[in-house]
Protein chains: 2
Amino acid sequence: MILILRLNHRIPRDERMSTHCALVSRAFGADGMHYSGMKDTGLENSVNEITERFGGDFFIKHTEKDREFVRSRKKKGFFVVHLTMYGTDFMEEVSGLKKKRKLLIIVGGEKVEPEFYELADLNLSVGNQPHSEVGALSVFLHEISGLKKKFKDAKIEVRPCKKGKDIVRL
Amino acid sequence: MILILRLNHRIPRDERMSTHCALVSRAFGADGMHYSGMKDTGLENSVNEITERFGGDFFIKHTEKDREFVRSRKKKGFFVVHLTMYGTDFMEEVSGLKKKRKLLIIVGGEKVEPEFYELADLNLSVGNQPHSEVGALSVFLHEISGLKKKFKDAKIEVRPCKKGKDIVRL
């Protein structure tokens, strides 16, 4: 099981970044994304509409208390990875992480409270240059879980195509 | 040489997505990003400030005529890849693409004119699920070029750290 925790969501500033975090999580096989900060039904609707059309049972949920959320998941046996440009090279941990049955991945925004660096079992970077939480999460999940192949109950499916678009309604 | 072309930038909607496209491109060793749509000095300044502090000679440039830009780069020997959720699996092309000396990667937004599918030498997908142009670009560049190690004339450097932050002023 792979869960994502997106920290400190702000409306309107983070609307698209958080949507992309969720969609990347879904595409690479995570089970769901929790997010803290401002509750955003627009964000939730955007993600749920994609799941409704393209299938699978990815969920998105707001959490009021992100630190308590992390602590409770640790008690339930989740291994916690915090993705940060300040961390150590994620590639060194990939083979170990692939074996974890329960993974919680914390994705920050511009400011992350110091407590999360302590709560995490590992603080890992996808490079130590400033770039993108969406980019880091994508590369990390691509290595750990890879692209998810099947999404059950999909109403729509895109088939690989050399030119143009091949969209199938199921 | 790796160039990125980001299509149809809109202010304010795409400000952060395009910034993240540029920063991901820089972190994974692309030489620069051209973008069409609205000229955005705020976007350019954000990216240039990062390069100023963290080093390297990544550039960002606005282009008025994106189709002509692609045609002119093709004449100069660039191999053109268009990243799209409708394309064929990018992993099948990785080994061939790594050998290209000049690569232009087109990254769309929500709408991409059909002409780009024709202009591209390859239309490639990072999965056929809707997710994120930033995510797709990151995973693609991670496979093709990998993280860039050295950024010359950096004023600031982040050193990998198990907990907290290790920022060095050079």
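Modeller: Let's start with Lys74(A). Its relative accessibility is 30%, so Lys74(A) counts as partly exposed. Keep in mind that this is a predicted model.

Colleague: Which side chain does Lys74(A) meet in a salt bridge?
Modeller: Asp121(A). The N to O distance is 3.9 Å.

Colleague: Where do Asp121(A) and Lys74(A) lie in chain A?
Modeller: Lys74(A) is in helix α3, residues 66–75. Asp121(A) is in the loop between α5 (114–119) and β6 (122–125). The two are 47 residues apart in sequence, so the pair ties those parts together.

Colleague: And what is the relative accessible area of Asp121(A)?
Modeller: 34%, so Asp121(A) is partly exposed.

Colleague: How many salt bridges are there over all chains?
Modeller: A search of the whole structure finds 26. One of them joins Lys152(A) and Asp57(A), at 3.5 Å from N to O. Those partners are 95 residues apart. Lys152(A) sits in the loop between α6 (133–144) and β7 (156–158) of chain A. Asp57(A) sits in the loop between α2 (41–54) and β3 (59–62) of chain A.

Colleague: Is Lys152(A) buried or exposed?
Modeller: Exposed, with a relative accessible area of 53%. Asp57(A) is exposed too, at 52%.

Colleague: Over to chain B. What does Arg6(B) form a salt bridge with?
Modeller: Glu133(B). The closest N and O atoms are 3.1 Å apart. Arg6(B) is in strand β1, residues 2–9 of chain B. Glu133(B) is in helix α6, residues 133–144 of chain B.

Colleague: Why does Arg6(B) count as buried?
Modeller: Buried means under 20% relative accessible area. Arg6(B) is at 0%, so Arg6(B) counts as buried. Glu133(B) is at 15% and counts as buried as well.

Colleague: New topic. What is the strand order in the open sheet of chain B?
Modeller: β3-β2-β1-β5-β4-β6, six strands with parallel pairing. β3 (59–62) and β6 (122–125) stand at the edges. Each has a single partner strand, so one side is left without a neighbour in the sheet. The twist averages 30° from one strand to the next.

Colleague: How many bridges join β4 to β5 in chain B?
Modeller: Five. Phe79(B) stands opposite Leu103(B) in β5(B).

Colleague: Which strands does α6(B) lie across?
Modeller: β1, β4, β5 and β6 of chain B. α6(B) runs at about 160° to β5(B). Helix α1 of chain B lies across β1, β2, β3 and β5, at about 175° to β1(B).

Notes:
Residues are numbered from 1 along each chain as its sequence is written. Chains are lettered from A and ligands numbered from 1 in the order in which they are written. This is a predicted model: local features need pLDDT of at least 70, side-chain atom pairs count only at pLDDT 80 or more; totals for chains, interfaces and linings use all residues. Side-chain values use heavy atoms; hydrogens and water are left out. A salt bridge is a side-chain nitrogen of Lys or Arg within 4 Å of a carboxyl oxygen of Asp or Glu. Helices (H or I, at least four residues) and strands (E, at least two) are DSSP runs, numbered from the N terminus. Buried means under 20% relative accessible area, exposed over 50%, partly exposed in between (1.4 Å probe, protein chains only). Two strands pair if DSSP finds at least two bridges between them. Axes are lines fitted to C-alpha atoms, for helices over the stretch in contact, and angles run from 0 to 180 degrees between N-to-C directions. Contact means heavy atoms within 4.5 Å.
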